[in-house]
Amino acid sequence: MKLLAYSLLTLGLSVSFNSHAASIYAGKAKAAAVCSQCHSIRNHNASSPIPPLAGRNEEYMEMALKQYRDKTRRSAIMNNIASGLSDRDINNIASYYSRLKP
Ligand code: HEC
């Protein structure tokens, strides 16, 4: 019981330290469910047309996903995927991937 309380406390603290109050946990869940079907965490195959996302700049990723969503950046695949993301999803996902080691 003590251990559980401690885990919840540290979990809460690590989330509230985050600058945008984004949740890397929610971002991770979304990434695992959706993005990882195409984007590998690390680019194992250099000739793959799908860019790796780990360690990418957080602001860059947010901008790219918003551009895909409002279709100012064109990609048949990513326009479709980004159309289902809220601002919060985008913050969470960018927060998660930007903290992964490339
Ligand atoms: C069906 C496959 C597929 C899925 C699923 C997918 N992507 Fe992509 N993604 C691509 C492809 C292909 C590109 C390159 C497209 C282009 O820019 O023309 C891309 C490009 C990107 C880029 C631009 C990277 C850069 O270097 O500018 C970002 C950011 C991105 N995806 C994020 C995501 C996120 C976040 C998710 C999950 C919500 C996701 N993608 C899910 C296929 C996918």
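## Helix packing

Helix axes here are lines fitted to C-alpha atoms over the stretch in contact, and angles between them run from 0 to 180 degrees between N-to-C directions. The model is predicted. In it, helix α2 (residues 24-33) packs against helix α5 (residues 87-98) at an angle of about 90°. Their axes lie 7 Å apart. Angles of 65 to 115 degrees count as roughly perpendicular, so α2 is roughly perpendicular to α5.

On the α2 side, the contact is made by Ile24, Ala26, Gly27, Lys28, Lys30 and Ala31. On the α5 side, Asp89, Asn92, Ile93, Ser95, Tyr96 and Tyr97 make the contact. By class, the residues of this contact divide into 6 nonpolar, 3 polar and 3 charged.

## Overall fold

The chain has 5 helices and 0 strands. Along the sequence, the pattern reads α-α-α-α-α.

The chain holds 102 residues, and buried residues make up 19% of them. Consider the contacts in the chain with a separation of 6 or more: 68% of them join residues 24 or more positions apart.

The contact of α2 with α5, by comparison, includes 3 charged residues.

## Leu85, between α4 and α5

Leu85 sits in the loop between α4 and α5. Is Leu85 buried, exposed or partly exposed? A residue is buried if 20 or more other C-beta atoms lie within 10 Å of its own, and exposed if 12 or fewer do. Leu85 has 18 other C-beta atoms within 10 Å, so Leu85 is partly exposed.

Leaving aside neighbours within four places in sequence, Leu85 is in contact with Leu65, Arg69 and Ile90. Leu65 is 20 residues from Leu85 in sequence. In space the two are 8.5 Å apart, C-alpha to C-alpha.

## Lys71, between α3 and α4

Another loop, between α3 and α4, holds Lys71. Most residues other than glycine have a negative phi. Lys71 has a positive value, with phi near 65°.

How many C-beta neighbours does Lys71 have inside 10 Å? There are 12, so Lys71 counts as exposed.

Methods. Residues are numbered from 1 along each chain as its sequence is written. This is a predicted model: local features need pLDDT of at least 70, side-chain atom pairs count only at pLDDT 80 or more; totals for chains, interfaces and linings use all residues. Helices (H or I, at least four residues) and strands (E, at least two) are DSSP runs, numbered from the N terminus. Angles under 35 degrees count as roughly parallel, over 145 as roughly antiparallel, 65 to 115 as roughly perpendicular and the rest as oblique. Two residues are in contact if their C-beta atoms, placed from the backbone, lie within 7 Å. Ala, Val, Leu, Ile, Met, Phe, Trp, Tyr, Cys and Pro count as nonpolar, Asp, Glu, Lys and Arg as charged, and the others, Gly among them, as polar.
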